[in-house]
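Trainee: I have a new model open on my screen and would like to walk through it with you. Could we start with what a pocket is, and then look around?

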Amino acid sequence: MRIFCIKEVYMTQETVQEKLVTMLRNEKQRETGFRLLAKEYGEKLYWHIRRIVVGHDDAEDALQETLIKAYSSLDQFRGDGQLTTWLYSIATREALNLLRRRTHVWQSIDDLAPTLTARMQAETPMDSDAAEVLFQEALLTLPTQQRIAFNMRYYDELSYEEIARITGKNQNTLKVNYHLAAEKIKNYLKQHTR
């Protein structure tokens, strides 16, 4: 179980979410609650977005849009689900919207893979672990929906149920996407390992 600290009071993730939701619903505490929300979830959301859009600047832009959308739609958060699920849904939509803006009318965001790979290689430090770079290249060969399902399961360690709530996809479809992605990654690594 993960433990969080807000004002030196140690709480579980569920308690933190309850506290944040209470603060966000209280007009007098909303701004403070939102700053805490951004502090608590900002880095997780940044890396979730970055794994979709690849570039640092694009991830920063999409994160900012995510936080703006979250703040402006706080009244729409019903509270019947987890706060993280709601935030990840917004972040995923914003990241995909950013990618869609990079495409032409007739182009799929899956067609951006070479551009995203080039961006990843340009932003990768020279002393990076070659195996990690190869793994990231393998991820970028995946169709976008498979990559998102794989990233949420592998990196964010979300359950299929949580991923389904975030993406609006069927759990079985997500399981298939994850396993197809894992197979494609294994094959890519086998083909490109010397």
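Mentor: Happy to! A pocket here is an open set of grid points where a 1.4 Å probe fits, with protein on both sides within 12 Å along at least five of seven lines. Keep in mind that this is a predicted model.

Trainee: What volume does the largest pocket have?

Mentor: Rolling a probe the size of a water molecule over the atoms shows where empty space is left. For the largest pocket, the volume comes to about 380 Å³.

Trainee: Which helix gives the largest share of the lining of the largest pocket?

Mentor: The lining has 17 residues, and W47, R50, M120, T124 and Q136 lie nearest the pocket's centre. By type, the lining residues divide into 8 nonpolar, 3 polar and 6 charged. The largest share, 5 residues, comes from helix 6.

Trainee: Let's step back to the whole fold. What percentage of the residues of the protein chain count as buried?

Mentor: The chain has 9 helices and 2 strands, and from the N terminus on, its elements run β-β-α-α-α-α-α-α-α-α-α. Among contacts with a separation of 6 or more, 58% are between residues 24 or more positions apart. Buried means under 20% relative accessible area. Of the 194 residues, the share that counts as buried is 46%.

Trainee: V54 and E157 each have a positive phi. Is V54 buried or exposed, and is E157 buried or exposed?

Mentor: Most residues other than glycine have a negative phi. V54, at about 75°, sits in the loop between helix 2 (30-53) and helix 3 (56-72), while E157, at about 55°, lies in the loop between helix 7 (144-154) and helix 8 (160-167). With a relative accessible area of 9%, V54 is buried; at 65% relative accessibility, E157 is exposed.

Key: Residues are numbered from 1 along each chain as its sequence is written. This is a predicted model: local features need pLDDT of at least 70, side-chain atom pairs count only at pLDDT 80 or more; totals for chains, interfaces and linings use all residues. Side-chain values use heavy atoms; hydrogens and water are left out. Helices (H or I, at least four residues) and strands (E, at least two) are DSSP runs, numbered from the N terminus. Buried means under 20% relative accessible area, exposed over 50%, partly exposed in between (1.4 Å probe, protein chains only). On a 1 Å grid over the protein atoms alone, a cavity is a set of points where a 1.4 Å probe fits but cannot get out, and a pocket is an open set with protein on both sides within 12 Å along at least five of seven lines; lining residues have an atom within 4 Å of a point. Grid points are joined across faces, edges and corners, and a volume is the space filled by probe spheres set on the points. Ala, Val, Leu, Ile, Met, Phe, Trp, Tyr, Cys and Pro count as nonpolar, Asp, Glu, Lys and Arg as charged, and the others, Gly among them, as polar. Contact means heavy atoms within 4.5 Å.
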